[in-house]
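Biologist: Before I rely on the words used for this protein, I would like to hear what stands behind them. Could you take me through the terms one at a time?

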Amino acid sequence: MKKALAFLLSLVLMLASAAALADGTFNFGGVLENMDLLDVHKSTTNEVLNPAILICEPLLALRADGTIDPQLLAELPAVSEDGLVYTCKLRDDVYFHDGTKLTANDVYFTLRRIFDPETANVNSWLCDMIKGGNAMLNGEADELEGVKVIDDYNFTIELEYTYAPFMYILTCSQMVIYPQAACEEAGEYWGIDSFIGTGPFKLEEFSSKDFVHVVANEAYYEGRPSLDEIYYYNMDQGTALMEYEAGTLDMVSVNPVYIAGYTGEEFADQLVKVELQGIIGLNLNTSMAPLDDVRVRQAVALAINQNGLVDSYLQGNGTATNTMVPPGIIAHSDRETTYDPEAANLEPWRMVANSDMQQELDPPMEFMRSDPYDNQVGEVEYDDRALTHR
């Protein structure tokens, strides 16, 4: 059994009903075992980001059609001719859930917190093109050089280098703005005992790895949301599906393993497939031999039947891809996947078996699929002329 490289587009399967609209309460159930806290600086999973984005908001909003609109900003940033400086103006009618007004100082505090080593932010890579960010991460500076507060509603962000998708970065869930006073007061309990934002919902109750309960923000600057409250419940797949069928949940995520039972007439109008803007992949360490040889990596890529993985392992619920950039993201390419074991010429692949890595690669390698709600494991093996999934 040898290590393989494959990419699949992320996809989530949901069962959803419209019952929640009747009583104003929406109940979601899924495998949310990584929902330890709500601080987006401390987590990389949608289990945290999805409820957090209901409570807190970023400066800009990404719409379903891929366009960008102002969110906390009054207008889109003005960009300097050299593409390095973004001049921003906040809305003057936005308040945090504790009644304090959003100001440019909260923006500076949040962006500085992203790069503060004490935060231990796992998402700082997302915006490390902001000038001075890496200097803070490396302990070379205490303040964030690239962000300047002009007054309560105006500030600038300067980059180390031009980065065309920077406005897209400002739409990300990991870039929501925190209230300085409340966050500093909560300290290490921010995102656990206290979590305040400007969003359409306010945190009512949070039990780590158990549930999140949010309620409508009556004073939301864009108008009160139509729902009164939302619950996110962490529960195993079997329990979630039983609760959905019993009518106590309005939406559940569905593991592809269970799909067959929900493709009939009864659930035909309730089963929803959602293509996530992400890639599922098994990456190789290209800094060590023989994987530093491009011929070996090309052989591996050509020898993997990605469509076969989708059809068998994901039971058709996915999309094979030949690019690291998924649809809906700037610079996406529609290149088709290539499965050609003849062209792969497995001689370069045999270099792996004859290398110092042989003993490490002899046991079966696991092909891990990790999505926002579940983890599945399969095995990837190669047999003479091709790598196949079982």
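Modeller: What follows sets a few terms against their definitions. This is a predicted model, in which local features need pLDDT of at least 70 and side-chain atom pairs count only at pLDDT 80 or more, while totals for chains, interfaces and linings use all residues. Residues are numbered from 1 along each chain as its sequence is written, and side-chain values use heavy atoms, with hydrogens and water left out.

Biologist: Why are β5 and β6 said to pair?

Modeller: Strands are DSSP runs (E, at least two residues), numbered from the N terminus, and two of them pair if DSSP finds at least two bridges between them. Strand β5 (residues 78-79) and β6 have two bridges, in the antiparallel sense, so the pair meets the criterion. Alanine 78 has threonine 87 of β6 as its bridge partner, and five residues lie between the strands of this hairpin, where glycine 83 in the turn has a positive phi of about 75°.

Biologist: How do you know that β6 and β8 pair?

Modeller: Five antiparallel bridges join β6 to strand β8 (residues 154-158), and a count of at least two is what the term asks for. Lysine 89 stands opposite asparagine 154 in β8.

Note on methods: Helices (H or I, at least four residues) and strands (E, at least two) are DSSP runs, numbered from the N terminus.
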